[in-house]
Amino acid sequence: MKKHGRVVIVANRTPAAKSAGGLASGLLDALRRERSLWFGWNGELREDDGNCVQLFSCDRLTVAAIPLSPEAHNRYYNGFANGVLWPAFHHRLDLMRFSDDDYTGYLEVNRHMAAQLRPLLQDDDLIWVHDYHLLPFAGMCRRQGIRQRMGFFLHIPFPVPSVAQAIPRIDELLDEMCAYDLLGFQTEDDRKAFVNLCRERRPQIRVPNTGGYPIGVDPLALQAEAEAEPVVQLWPRDRSIRGIISVDRLDYTKGLPERFKAYALLLEQHPELHGTMQLVQIAPPSRTDVPAYVDLHHELTGLAGEILGKYGDLEWQPLVYVERQLDRPVLMPLYRQARVGLVTPLRDGMNLVAKEFVAAQDPADPGVLVLSRFAGAACQLDGALLVNPHDPGEMAQAMLQALSMPHAERVARYRRMWAVLCASDIEGWRVRYLKDLEALAATEETLAPATAG
Ligand code: ADP
Ligand code: G6P
């Protein structure tokens, strides 16, 4: 029987400050059903006058959201979270930009959020903290006397020790993370990387319980949305143009330039395909105050222009490039119209787009998923054509194979993946994680050592 009271979610974004991203879309669906509180930033950049917690309700979920000052947000979110942790955790040390001020700002926002949450808590709450913005949150809470059981889930990959050791202050962050009662990761590889790093860097510290909890989707709900009459019909219903769809935040981890180059190679090698297919790339802008994201936008518009200039003509555009966020009821039927879903991140925690694409397919006539081996989803979706996103020739070949795959093989592959989606859905993820967190005794040893903060 359930012993805890509310589930308290803590995440950088609340549904009040939603953006295209796996965390918000995954969690919101899972949490509406449970008496719960979701605490985080409200999306506003202004001074917190100390009395700024805004409360509102969404089904059984209450949202409590606070503003952040522009300076604090800049250091915490643009500076350390997205200028150091995001690139490093995705193995892009070349894009890491560290400054002491940003790190201090990151700790300060974590401490501030813990202080703002404290008066909202009830004794039997179970606290579930999400993602790399909040690695030191548990340490901050413990030092402020918050004793409720507290788990953490990392939505992005955890870097292998040889890469992680290059992150400034990583030892301090590991100490802080070990103040959680349970640390959840997307894959077993991520979990092992964390444990190995702790063994190497912090042999004296007690590592909390850890587990792999691959996040899922709600396949039946997505299927129903995808079956609806399309708001936009992208390609002729007679399939005279075979559609290839890609949907990603405009992020350098998603392998977008590599994908465009592979598509250009396919166009170069196979003139007989001209006029018969089209790649639609939907890429909403993301983190536009971080320089690497601005560079990516310029690189991609350049590549898109080259492809269109070289291969497009009055009757046929080989590529449609849209930097927009779409509503889910628009997006799901688009996945279903495509013959191929091209999901080729260079590195990704899970990649929910891959799972959404499969869920949206017509079981009688499904499209084919081409998936990067370096997405967490590749550990589960064995019916996809797995590719190395760094190899344009291999990707072009996989696109060709996907475009011409016989019906029987498409159906067989789809069925394998559909079974995985159902066996590992978002509800199962939530229940499994919370059950494990609840089962743990919060012991004195989980209290944070007096390091940072
Ligand atoms: P990430 O969390 O790194 O952005 P995921 O693939 O795990 O990557 O999750 C992305 C989520 O954002 C998915 O639920 C996807 O549907 C949504 N999304 C991505 N791009 C768009 C878009 N252009 N319009 C609407 N939703 C989008
Ligand atoms: C990924 C991260 C999330 C983040 C999302 C959107 O899914 O794991 O924590 O919310 O991207 O990014 P943003 O920076 O807009 O919140």
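## Exercise 1: A parallel sheet

The model used here is predicted. In it, strand β9 (residues 242–247) and strand β10 (residues 277–282) pair in the parallel sense over six bridges.

**Task.** Find the bridge partner of Val-247 in β10, then work out the strand order of the open sheet of six strands.

**Solution.** 

Step 1. Start at Val-247 and look across to β10: the bridge partner is Ile-282.

Step 2. Move on from β10 to β11, where four bridges join the two strands in the parallel sense. Here Leu-279 has Leu-319 of β11 as its bridge partner.

Step 3. The order is β11-β10-β9-β12-β13-β14, and the pairing is parallel. The edge strands are β11 (319–322) and β14 (385–387), each of which pairs on one side only. Neighbouring strands in this sheet are turned by 20° against each other on average, ignoring direction.

A reminder for this step: strands of a sheet pair through backbone hydrogen bonds, either parallel or antiparallel.

## Exercise 2: Side chains along an edge strand

**Solution.** 

Step 1. Recall the cut-off: a residue is buried if 20 or more other C-beta atoms lie within 10 Å of its own.

Step 2. Walk along β11 and watch the side chains alternate. Leu-319 and Tyr-321 point to one face and are buried.

Step 3. Now look at strand β7 (residues 182–185). Leu-182 and Gly-184 point one way, Leu-183 and Phe-185 point the other way, and all are buried.

## Exercise 3: The sheet around β7

**Task.** Which strands are joined to β7 by bridges, and what is the order of the open sheet of eight strands?

**Solution.** 

Step 1. Take one neighbour of β7. Strand β6 (residues 150–153) runs parallel to β7 and is joined to it by three bridges. Phe-153 has Gly-184 of β7 as its bridge partner.

Step 2. Take another neighbour. Strand β8 (residues 209–212) also runs parallel to β7, with four bridges between them. Phe-185 has Gly-212 of β8 as its bridge partner.

Step 3. Write out the row: β3-β4-β2-β1-β5-β6-β7-β8, with mixed pairing. At the edges stand β3 (54–58) and β8, each with a single partner strand, so one side of each has no neighbour in the sheet. From one strand to the next, the twist averages 25°.

Step 4. Check another pair in the row. Strand β2 (residues 36–45) and strand β4 (residues 61–68) run parallel and are joined by seven bridges. The bridge partner of Phe-39 in β4 is Ala-64.

Step 5. Look for a helix on this sheet. Helix α15 (residues 426–439) packs there, touching β1 (7–13), β5 (126–130), β6, β7 and β8. The direction of α15 makes about 125° with that of β5.

## Exercise 4: Positive phi in two loops

**Task.** Where is His-91 found, where does Arg-239 lie, and what is phi for His-91 and for Arg-239?

**Solution.** 

Step 1. Begin with the background: most residues other than glycine have a negative phi.

Step 2. His-91 is in the loop between α2 (70–89) and α3 (100–117). Its phi is near 65°, a positive value. His-91 has 17 other C-beta atoms within 10 Å and is partly exposed.

Step 3. Arg-239 is in the loop between α8 and β9. Phi of Arg-239 is near 65°, again positive in a residue other than glycine. Arg-239 counts as exposed, because it has 12 C-beta neighbours inside 10 Å.

Terms used
Residues numbered from 1 in each chain as written. Chains lettered and ligands numbered in written order. Predicted model: local features only at pLDDT ≥ 70, side-chain atom pairs only at ≥ 80, totals over all residues. Pairing = 2+ DSSP bridges. Axes fitted to C-alpha atoms, helices over the stretch in contact; angles between N-to-C directions. Contact = placed C-beta atoms within 7 Å.
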